[in-house]
Amino acid sequence: MGVPQGAPKPDNLGVVLPNIARIRDYWLDGDHHDDTDREMAQRIELCGPHVPYLVRAQRALVRRQVDFLVEQGVTQFLDLGSGLPTGDYVHHVATAADPASRVVYVDIDPSIEADSLELIAGAENTAFVVADCRDVRGVLDHPDVSAVLDSSRPFAVLMTELLLHVPDGEDPDGLVSSYVDVLPEGSYLALSHFGEDAQVLSGFQIFEGLRFGQFPAVSLRSRERVESFFTGLDLVEPGVVPVPLWRPEPGDEVVRNPSEVRMYTGLARVGRRADTA
């Protein structure tokens, strides 16, 4: 992710699970995890059996959103809090739709840098950068970012579960605005976020009660709260909805009662700036 995901940090974002990117890789049937990651993933499943599905659904969502964006003519992507760029992710999907696509992955975890660089080796116009996504200028001014993305042309900022790890006291609205404010007209913001879910909260409590370790410090937010992050932007239909209901495709994994999935997403376009109208 793009906020601290390893050892405890002095900024009080909390102690979280080690190698969370590799745990997700395990759930996505990747091969960049070890026995320790697998054991932790299985412990999480005991407490939250639906979590692996949510991770898979989220990955399918990103594919759908990237395909949609390329159809709109957007071929530049800044994926914040990317985790491991494993198979069939942003650069694979985007370049399959348009070989000229350009992608930058950003994650704060230096322990996944080597694997990430290996995963994108040979991919043109693709970079992986170790940086804290809360340092907006540090990300955008990073030489590897500016070498790949043309900031004068529209690009999409992807915040897939990024804000889950940013509590209200860290001003998530300001973080979103800081990126939106530098986006050229015609750019897009994609955001997904775990919602308020009694099952998730219960799973966290069980996990710690069984002394598996301390679960990630997370901020679950309602659908209405997630929608508020898009204030001032032009939401793409169907608006902010549960992840399985955002422009589903025939090949997507089927889940019972998709409208009850407590993970929300939206995609919005940056319109004409007031000072350029």
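Visitor: Before we look around, what does "buried" mean here?

Guide: Buried means under 20% relative accessible area. Keep in mind that this is a predicted model.

Visitor: How many aromatic pairs does the structure hold?

Guide: Two. Phe 68 and Trp 246 make an edge-to-face pair, with 5.9 Å centre to centre and 85° between the planes. That pair links distant parts of the chain, 178 residues apart: Phe 68 is in helix H3, while Trp 246 is in the loop between strand E7 and E8.

Visitor: Why does Phe 68 count as buried?

Guide: Because its relative accessibility is 10%, and the cut-off is under 20%. Trp 246 counts as buried too, at 0%.

Visitor: And how are the rings of Tyr 89 and Tyr 105 arranged?

Guide: Planes under 30 degrees apart count as stacked. The planes of Tyr 89 and Tyr 105 are at 10°, with ring centres 5.9 Å apart, so this pair is stacked. Tyr 89 sits in the loop between strand E1 and H4, and Tyr 105 in strand E2, 16 residues apart.

Visitor: Which charged residue lies over the face of Tyr 89?

Guide: Arg 59, at 3.8 Å from the ring centre.

Visitor: What about the largest nonpolar core: how many residues does it have?

Guide: It has 36, and Phe 77 and Tyr 188 are among those with the most contacts inside it. Helix H3 gives the largest share, nine residues.

Notes. Residues are numbered from 1 along each chain as its sequence is written. This is a predicted model: local features need pLDDT of at least 70, side-chain atom pairs count only at pLDDT 80 or more; totals for chains, interfaces and linings use all residues. Side-chain values use heavy atoms; hydrogens and water are left out. A nonpolar core is a set of buried Ala, Val, Leu, Ile, Met, Phe, Trp, Tyr and Cys residues joined through side-chain atoms within 4.5 Å. Buried means under 20% relative accessible area, exposed over 50%, partly exposed in between (1.4 Å probe, protein chains only). Helices (H or I, at least four residues) and strands (E, at least two) are DSSP runs, numbered from the N terminus. Rings of Phe, Tyr and Trp (its six-membered ring) pair if their centres lie within 6.5 Å; planes under 30 degrees apart count as stacked, over 60 as edge-to-face and the rest as tilted. A charge sits over a ring if NZ of Lys or CZ of Arg is within 6 Å of the ring centre and within 35 degrees of the ring normal.
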